[in-house]
Amino acid sequence: GSAVGHSRGLVSRRGAMPSDVLAVTGLLGASAAGYLILKQGLRVQGGGKLVKLFSYPLPRLKQMHAISRLVHSATDLSDGLVIGAYNLCAGCGVVIDERLVPYASGIDFVGTKLGKSNFELASIGCDYELLLSIPREKFSEAKKLVEKTGCSLTEIGVFSNEKKVVL
């Protein structure tokens, strides 16, 4: 792929620093659940909405544009939550608090049918939400800017000095 346009500043995938907040936009797991509904031929309550989210992803361009000057690194979650978190680390690690991860409604029906947790669905990928490393002192400002675009921003972890991803 290619892109042409103007940018106020490039944000890399690598660049998180120890004590940065790990944050995510929106809700996770819907797209993976939609994919699994199609792949497995499942019939689940609310499945049509999940399939639509998989079939027509909405990248968070407005949100990234609004906060690009505040973040150390960013990626989308097309490869899943754990891989996305790993990609943000450059010389550091991250601790993810699974209890804080915001999940899309309806994915638990798919998870139950397939024996997968919500966290597993969020780790499959296909979500085009943003995963960000944000300096703690800039998180409140970033949250307000993202919420002005009609989206949520949730803290789900913190970057550390240990070079590993911890759940």
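This is a predicted model: local features need pLDDT of at least 70, side-chain atom pairs count only at pLDDT 80 or more; totals for chains, interfaces and linings use all residues.
Trainee: By class, how many nonpolar residues does the lining of the second largest pocket have?

Mentor: The second largest pocket, with a volume of about 330 Å³, is lined by 16 residues, and Leu 27, Ala 30, Leu 53, Arg 60 and Glu 129 are those that lie nearest its centre. Sorted by class, its lining has two polar and four charged residues, and the number of nonpolar ones is ten.

Trainee: Which element gives the most to the lining of the second largest pocket?

Mentor: Two elements give two or more residues to that lining, namely H1 and helix H2 (47–55). The one that gives the most, with three residues, is H2.

Trainee: How far apart in space are Tyr 35 and Leu 50, C-alpha to C-alpha?

Mentor: Tyr 35 belongs to helix H1, which covers residues 30–40, and Tyr 35 counts as partly exposed because its relative accessibility is 31%, between the limits of 20% and 50%. Along the sequence Tyr 35 and Leu 50 are separated by 15 residues, while in space their C-alpha to C-alpha distance is 8.1 Å.

Trainee: Which element gives the most to the largest nonpolar core?

Mentor: This core has 18 residues, and the members that touch the most others are Leu 22, Leu 81, Leu 131, Ile 156 and Phe 159. At least two residues each come from strand E1 (21–25), helix H4 (81–88), strand E3 (93–96), helix H6 (118–124) and strand E5 (153–160). The element that gives the most, with three residues, is H4.

Trainee: How many residues are in the other core that lies apart from this one?

Mentor: That other core includes Val 21, Met 64, Val 71 and Ala 74, and its number of residues is 15.

Trainee: Leaving aside neighbours within four places in sequence, which residues is Leu 22 in contact with?

Mentor: Leu 22 is one of the residues that touch the most other members of the largest nonpolar core. With neighbours within four places in sequence left aside, its contacts are Ala 85, Leu 88, Val 94, Ile 96, Leu 131, Leu 132, Thr 154, Glu 155, Ile 156, Gly 157, Val 158 and Phe 159.

Trainee: Where does Glu 141, the partner of Arg 69 in a distant pair, lie?

Mentor: The structure holds six salt bridges, one of which joins Arg 69 and Glu 141, with their closest N and O atoms 2.9 Å apart. Arg 69 is exposed because its relative accessible area is 53%, whereas Glu 141, at 34%, is partly exposed. The pair links distant parts of the chain, 72 residues apart, with Arg 69 in the loop between helix H3 (61–67) and strand E2 (73–76) and Glu 141 in helix H7.

Trainee: Why are Glu 147 and Lys 143 separated by about one helical turn?

Mentor: Glu 147 and Lys 143 form a salt bridge in which the closest N and O atoms are 3.3 Å apart. Glu 147 is partly exposed at 41% relative accessibility, and Lys 143 is likewise partly exposed, with a relative accessible area of 29%. They are separated by about one helical turn because, within helix H7, they are four residues apart.

Trainee: Is Lys 164 buried or partly exposed?

Mentor: Lys 164 forms a salt bridge with Glu 162, their closest N and O atoms being 3.2 Å apart. Its relative accessibility is 45%, so Lys 164 counts as partly exposed.

How values were computed:
Residues are numbered from 1 along each chain as its sequence is written. Side-chain values use heavy atoms; hydrogens and water are left out. Buried means under 20% relative accessible area, exposed over 50%, partly exposed in between (1.4 Å probe, protein chains only). A nonpolar core is a set of buried Ala, Val, Leu, Ile, Met, Phe, Trp, Tyr and Cys residues joined through side-chain atoms within 4.5 Å. Contact means heavy atoms within 4.5 Å. A salt bridge is a side-chain nitrogen of Lys or Arg within 4 Å of a carboxyl oxygen of Asp or Glu. On a 1 Å grid over the protein atoms alone, a cavity is a set of points where a 1.4 Å probe fits but cannot get out, and a pocket is an open set with protein on both sides within 12 Å along at least five of seven lines; lining residues have an atom within 4 Å of a point. Grid points are joined across faces, edges and corners, and a volume is the space filled by probe spheres set on the points. Ala, Val, Leu, Ile, Met, Phe, Trp, Tyr, Cys and Pro count as nonpolar, Asp, Glu, Lys and Arg as charged, and the others, Gly among them, as polar.
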